[in-house]
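This briefing is for a reader new to the structure shown here. It covers charged pairs and nonpolar cores.

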Amino acid sequence: NPDTGVVLTHFEGDTTMMPTPPNEVMPASCFAAKKPKLFTYKTGPRGSIVTFETKGGSVGGEPTFTDTVLWAYRDCLGKKAQEDCNNDIDNAGGDLYSKIQTGYLPPHTTLFVAVAGQADAFVGKFIVDIKEQPVTLLLGATFDTAADVASMTASDVGADGAAWQHCDSV
């Protein structure tokens with residue numbers, strides 16, 4: 001949308017067509033997923049928060065599988081820190097699809113996103129809808145001198161997203 005900058009993307013895949021070998025995917029922290037399919041997503045030119053959601057429907061005339069596990073992590077962090085992981089949106093209510101949301105991502109950040117089934121029986125076609133919402137970070141303090149800014153370093157102690165830098169410079 002040119003007015004809001006929101007980017008909507010629809011992605012279709014199949015976990016049975018060349019599934020990603022387990023040693024090439026960071027394991028899901030929320031569930032021991034089966035037969036993951038890995039894809040990448042690169043954010044646009046503005047800082048953003050991205051939502052990924054598996055959906056029901058059909059791909060190529062075949063229904064999508066229902067019990068999904070969905071997780072994402074950034075390549076620049078050595079595949080060690082997951083942005084989010086979800087097994088079921090609402091297990092008690094019967095919604096077995098998955099939905100995750102990242103924290104703030106700098107412009108042009110590459111994410112690894114994995115989709116899998118909760119059990120061996122849940123494989124096949126899947127749909128992921130992606131919503132990239134541009135955001136602006138507001139700092140709670142001002143920096144009066146160049147020395148104030150020079151003393152800042154990029155780190156994420158506590159993994160809470162408190163300090164960021166572009167993935168290219170890590």
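Predicted model: local features only at pLDDT ≥ 70, side-chain atom pairs only at ≥ 80, totals over all residues.

Residues are numbered from 1 along each chain as its sequence is written, and side-chain values use heavy atoms, with hydrogens and water left out.

**Salt bridges**

- The structure holds 3 salt bridges (a side-chain nitrogen of Lys or Arg within 4 Å of a carboxyl oxygen of Asp or Glu).
- D14 and K125 form a salt bridge at 3.3 Å, N to O. D14 lies in strand β1 (residues 7-14) and K125 in strand β10 (residues 125-134), so the pair ties together parts that are 111 residues apart in sequence; strands (E, at least two residues) are DSSP runs, numbered from the N terminus.
- Both D14 and K125 are buried (under 20% relative accessible area, with exposed over 50% and partly exposed in between; 1.4 Å probe, protein chains only).
- R74 pairs with E83, their closest N and O atoms being 2.9 Å apart. R74 is buried at 3% relative accessible area, and E83 is buried at 18%.
- E53 and K55 meet at 3.7 Å, N to O; K55 is partly exposed at 31% relative accessibility.

**Nonpolar cores**

- The largest nonpolar core has 15 residues, of which F52, V113, V115, V128 and I130 touch the most other members (a core is a set of buried Ala, Val, Leu, Ile, Met, Phe, Trp, Tyr and Cys residues joined through side-chain atoms within 4.5 Å).
- Strands β2 (34-42), β3 (48-55), β6 (68-74), β9 (110-117) and β10 each supply at least two residues of this core.
- A second, separate core of 10 residues includes A28, Y73, A114 and A116.

How values were computed: Helix = DSSP H or I, 4+ residues; strand = E, 2+ residues; numbered from the N terminus.
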